[in-house]
Amino acid sequence: MKNNISANENTADIKKKSFLSDNTREKLRIYWYKFSRNKFSILGLCIVLISIFLAVFAPVIAPYPQHVKEFVDYDKAGLPPCASYIFGTDVFGRDIFTRVIFSFRGALLMSVIVLAIAVPVGVLLGLIAGYYSGTWIDVIIMRITDVFLALPPMILALAIAAVLKPNLTSSMIAVTVMWWPWYTRLVYGMATSLSKEYFVKNAELIGASKPYILFHEILPNCLSPIFTKMALDVGWVILIGAALSFVGLGEQPPTPAFGQMISDGARYMPDLWWMTIFPALAIAFIILGFNFFGDGIRDMLDRGR
Amino acid sequence: MENTLLDIKNLKVWYRTYKGYAKVVDGINLFVNKGEKVGLVGESGCGKTTTMKTVLRVLDSKVATVPEGEILFKNRDILKMKYNELQQVRKQSISMISQEPTAALNPVFTVGSQIMDIIRYSEQYKDYSKSEMLSLAVKTIKDVLIPDPERILNSYPHQLSGGMKQRICIAMALVTPRELLIADEPGTALDVTVQDQIHKLLKALVEEKKMSLIMITHSLGVARELSDRIYVMYAGNIVEVAQTKELFKNPLHPYTLGLMECVPRLYGGGISEGIYGYIPDYINPPAGCRFYPRCPSAMEICEKEKPPTVSVSEDHKVACFKYH
Amino acid sequence: MNTEILKVKNLKTYFAINKSSGKKQYVRAVDGVSFSIKEGEIMGLVGESGSGKSTIAYTIMGMYRPTEGEIIFNFNGKSIVTKSNKRSLEFKKNVQIVFQDPGSSLNPYHDVRQILSLPLRVHKIVPKDKIEEKIAEILEMVELPASFMYKTPTSIGGGEKQLVSIARALCSNPKFIILDEPTSSLDVSIQAKIINMLLKIHREQKLTYLFITHDLSLMRNISTKVAIMYLGKICEIAPTEIFYKSPLHPYTQMLLSSIPVISEEEEALKPKKVVSTGEIPSPVNVPKGCSFHTRCIQCMDICRTEDPVIHQVSEDHFVRCHLYKS
């Protein structure tokens, strides 16, 4: 009977390769099970996929791609939603639907770039400060972080965007500057407690280098909250970006952006309501989607359940 | 039987997981007589705590289901009781002491107010005046051999040591008269000397109040000290039951034997090799005897069929084909 | 064989805590401990939680800075004296530790191969292309199949995790291993397996162990020498045979009498007429005089005022108690 068991292990040894992929498939199955338990997560996933699809294929999908450049057609100005212009047209006769789709592009691009810069910076600083918690390294990094967290984020972004030229780049710089401290805070807390865990102590006692401990022992254990926060943050970055562009500090006309479209439309409320309502709904749609998606990611990566 | 207080018949408890049902408790039979101290011994993950939580119906009903079996408490099935009836049983008849005294006490209320709550909502003492309640609380604390009860009543759980907290938990379980006390490893989280004190106290109190006790433990030594009769549990099955003396004199089931060999002895002589292997997967358990993959004296029949429980002598039952 | 591999001289580890009154207070986790371990020995360090037994281990490993005292290691005739918490790479190669909690001592995001290759790479035990071979060899040493290296800690049981921790400690061919309650969170059947494994490795690799535990009956079966700790001090230290035949310190007797046993023969070995009372006080407020006098049934007047010194009762048997003052 004991031989029986070891024989099983031998076959496992031979079939190592297929065994591994089984393992991965099993993992994916668990992830999907956890993710799909909440139906809103699936809705969120659909919205996210649709948003990405719209953003990538905007020039193909949009019925009037020329409407995002310099374009005026007063004959068709201010048309309400109809068959050829499903979201209606604005005061220059441009198709709102086309401009909303192109706004997706700008908004998602902004989120991706902002997070691509803010997350690595914030995470790295948080890791270092957390691992050396209680020393002067921790004090310096965390006090600087606190300064950034203490400034009201919108005002900071407004100030930065106002000093620089008002365009998409400077609004991205502004949002990045106000975004990284949140990741530092998040990772700092986890790294502080993880560095007291015995597997980290053991790596130290074995004599592993500091970068190895930071990036191979501590970082992998922080990834799931980071990913969850990133998924949720995509929506929030879009919202902040829209707010900046609403006050005229984002993408400049004629290139469309959600905030700018809403602020343009607001002047013609309530007569040309479609100019405001559709971009606003688009923002709500995308933020809701990323929030549901983020919740799903959190459930999926949660080890407890 | 007249004398039987709790009678668990063919109880099964399953947990819902993403892979299917985990059949954690697999048809166990267990009874407790009035005034009897029963030990339930098994290794971690064998389902002993699950069984006892089912008795009080405190399992999360979202994940745990009871597909079969009945739990007769004084000939009434706990599993079929309405909420009000169940609350009566919980209030008047059965209480439980958990493994973690720190988790069992609320950190934001004083010990006194937590004990007073139990008195205030009990059936027996709800008409007492405030001072009567207080003196009852003081008496209970004195019963668990804590000096200076007034000071203890006014302190918060974090101000007390682990042993003190476990004493408070025992006091809370015994403040109103009960018929059955379920103690879930009350000494495991404590130091050896304190554990010894707690066990002795528990034994003395249960005997004095003529209650029944179910002692859940993973240690054969603890079960030997505290119980009259011992059930040995493995992977959701009761594999052997006997009077304490008989069990230690004449252990029969291969699992019981293996377990006894593993315990380090005070007279030295080394430690046996242990029992080969690990507890089985509960989702797809072995079709026959659940101990079969680890059993040193396994036979062909063990793989296919579940061994029925047979009586070797009066009060000594074992679930193994060896004694069939 | 009789060289001392580790010698600890008057080791003290205090931790400062800030009281709300602003006055600095100290937790005397380890308070003047001296002992030595000969090559090939298994020394058991026994005590209740809060007695400072783990703090000694962590101070030896360099995880805490000792407040006072010396730690002297002897490897191949070369002695390393340390008074701080810095440890050389050579020390780290020769001295390893296995922690109590197998769940927390393995990184849940690494597989066994990654976990075991770290010490091999850091100490350059084998060339890079031979690492997997060596891992298979070490896994075989703890009787795990080679396919085990592709498993992650989350998918294996507690006993197997502890075996992997032991395998990791063996990777760098150490001379000395500290075992910090390696089996206290495991079931007895698995404990038996792991203890036998540790004893086998001890014989085969000619190792020296410092085994920290609270389980006196376990120590009876594996150690060559036992030391009992109470509130940061060693109460009694003796070779195992003598220790269990004639336990002298009242605290040792209390510990022995508290053990739940499973046979009459063992019951007979427990000291009679000893009842365990009280609990270990907080190491912040250590009682004056002998720190054990609050729980001691043979407490005398002198015990309340004067801290006893270590007395030698027989050749290797030392007791720190006024009762045995010669």
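Biologist: What relative accessible area does A:F53 have?

Modeller: The model is predicted, with local features requiring pLDDT of at least 70, side-chain atom pairs pLDDT 80 or more, and totals for chains, interfaces and linings using all residues. Residues are numbered from 1 along each chain as written, chains are lettered from A and ligands numbered from 1 in the order written, and side-chain values use heavy atoms, without hydrogens and water. Buried means under 20% relative accessible area, exposed over 50% and partly exposed in between, with a 1.4 Å probe and protein chains only. A:F53 counts as partly exposed, because its relative accessible area is 47%.

Biologist: Which element gives the largest share of the nonpolar patch?

Modeller: The patch on the surface is formed by A:I52, A:F53, A:V56, A:F57, A:V60 and A:I61, with about 550 Å² of accessible area together (Shrake-Rupley method, 1.4 Å probe). Patch residues have over 30% relative accessible area and no salt bridge, and nonpolar side chains (Val, Leu, Ile, Met, Phe, Trp, Tyr) are joined within 5 Å; a salt bridge is a side-chain nitrogen of Lys or Arg within 4 Å of a carboxyl oxygen of Asp or Glu. Two or more residues come from each of α3 (39–56) and α4 (58–61) of chain A, where helices are DSSP runs of H or I with at least four residues and strands runs of E with at least two. The largest share, three residues, belongs to α3(A).

Biologist: What is the radius of gyration of chain B?

Modeller: Chain B holds twelve helices and twelve strands. The globule rule, 2.2 Å times the number of residues to the power 0.38, is compared with a radius taken over C-alpha atoms. For 324 residues the rule gives 20 Å, and chain B is as compact as a globular protein of that length because its radius of gyration is close to this, at 21 Å.

Biologist: What percentage of the 324 residues in chain B is buried?

Modeller: The C-alpha trace of chain B spans about 70 × 50 × 40 Å along its principal axes. Among contacts (heavy atoms within 4.5 Å) with a separation of 6 or more, 64% join residues 24 or more positions apart. The buried residues of chain B make up 55%.

Biologist: Where is B:K74, a residue with positive phi, found?

Modeller: Most residues other than glycine have a negative phi. B:K74 is not a glycine, yet its phi is positive, about 50°, and B:K74 is partly exposed at a relative accessible area of 39%. It is found in the loop between β4 (64–73) and β5 (76–77) of chain B.

Technical notes: Patch = residues over 30% accessible without salt bridge, like charges linked within 9 Å, V, L, I, M, F, W, Y side chains within 5 Å.
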